[in-house]
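Dear colleague,

I am handing over the structure we spoke about, with its sequence, so that you can look at it before reading on. My notes follow below it.

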Amino acid sequence: MSIVHAAPSRWRRREGLRALLWMSPWLAGFAVFFAYPLAATVYFSFHRYDLMTLEFVGLDNYRYFFADGRAWVSVRNTLWFVIFMVPAQVIFALGMAQLLTRIKAGAGFFRTVFYLPSLIPLTAGTVAFVFLMNPSGPVNRILGFLGLPGPDWFGDADWSKPSLVLLALWGIGNTMMIFLAALLDVPKHLYEAAAIDGAGAWRQFRSITLPTISPVLMFSAVTGVIYALQYFTQAMIASRVASGATDSAGSTFVPGYPDLSTLTLPQWLFHVGFRDYTMGYACVLALLLFAASMLFTLILLRRFRAFTDDEGGDR
């Protein structure tokens, strides 16, 4: 009996070792690029660290976060982008994709035109957008010609975040193409059957289109939220160009122009870490970003699962 039981046990061990061998590249990458950096971030968050000296300070860095006014401003601005920019991107990309599925003549041309802005480098696209929307730029001239007042898009605290949302919508090409592929993959016979049953366009969209493309919606929402939580380049470049600041020696430029309205949490993390060299406190901000990303992702996954189950029950 012992020999009979020993053979399956050796086989299972060999299979386990073989599985570990095939997984070893992923496990090595996970350990080196995720597990170790996360553990090091937690460790340094309990220390005063300026890249030269390391001093244990316990929870002081965490206490300082609650007293840091600019950190809370950056949190509010980041949440604003999550709440307003992400839904705007998803809805606009889905609407443009839906429109492109209806175009028969010149569909390839319009797809190319709508996709091109996403190919422009972020820095160049942001600088060009700030130029186009400066107070005396082409956009305000067109608005003036139409008899409409042209705001100071990136120089007014009330308009700076909406201007960045417009910039994000301008470069929505990647998400639009993903939605377009998903919409073209929806079975046509479902629409035909729904039309025979008397379902209108809105009912077809809600009961057929949305449930069918729900995985793509979930992907776009999750990646959009993660992108918004890590929003850095466009806000930093736009505030710097609009303010006229330079990055010369001795520069004291603080991101967030005007009036900290475009200051996001990643920008403040970069500033305190690589300008003030308070790496321990920067690690606290990094952990906050990681926790927020995990929380929003879990919430979205649960909401989309509930939405899919409800729509499946209705059908």
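How near do the axes of helix α3 and helix α11 come, and at what angle do they cross? Before the answer, a word on the basis: this is a predicted model, in which local features need pLDDT of at least 70 and side-chain atom pairs count only at pLDDT 80 or more, while totals for chains, interfaces and linings use all residues. Residues are numbered from 1 along each chain as its sequence is written, and side-chain values use heavy atoms, with hydrogens and water left out.

The axes of α3 (residues 69-102) and α11 (residues 214-229) come within 9 Å and cross at roughly 145 degrees. Helices here are DSSP runs (H or I, at least four residues), as strands are (E, at least two), numbered from the N terminus; the axes are lines fitted to C-alpha atoms, for helices over the stretch in contact, with angles running from 0 to 180 degrees between N-to-C directions. The crossing is right-handed, a term used if the near helix is turned clockwise from the far one by less than a right angle, anticlockwise being left-handed. Among the residues that α3 brings to this contact (heavy atoms within 4.5 Å) are Phe81, Met85 and Leu94, while those of α11 include Leu217, Gly224 and Tyr227. The residues of the contact divide into 12 nonpolar, 4 polar and no charged, where Ala, Val, Leu, Ile, Met, Phe, Trp, Tyr, Cys and Pro count as nonpolar, Asp, Glu, Lys and Arg as charged, and the others, Gly among them, as polar.

Ser214 also lies in α11, and it counts as buried because its relative accessibility is 7%, buried meaning under 20% relative accessible area, exposed over 50% and partly exposed in between (1.4 Å probe, protein chains only). The C-alpha atoms of Ser214 and Ala182 are separated by 9.4 Å, although the two are 32 residues apart along the chain.

Which residues of helix α5 (residues 122-132) are buried? They are Gly125, Thr126, Phe129 and Val130, and they lie on the same side of α5 because they cover an arc of only 130 degrees around the axis, taken from the directions from the helix axis to the C-beta atoms. These buried residues pack against α7 (160-170) and α12 (233-243). The buried residues of α12, including Gln234, Met236 and Arg240, pack in turn against α5, α7, α11 and α13. Just after α12, Gly244 takes a positive phi of about 75 degrees.

Asp259, in the loop between α12 and α13, has a phi near 55 degrees, a positive value in a residue other than glycine, and it counts as exposed because its relative accessibility is 71%. Tyr277, in the loop between α13 and α14 (279-314), likewise has a positive phi of about 55 degrees although it is not a glycine; with a relative accessible area of 42%, Tyr277 is partly exposed.

Finally, the unreviewed UniProt entry places the feature "transmembrane region" at several spans, including residues 20-46 and 113-133; positions are in the numbering used here, feature names are shortened, and annotations may be inferred rather than shown by experiment. In the model, the end C-alpha atoms of residues 20-46 lie 34 Å apart, and the span is 93% helix and 0% strand. For residues 113-133, the end C-alpha atoms lie 21 Å apart, and the span is 67% helix and 0% strand.
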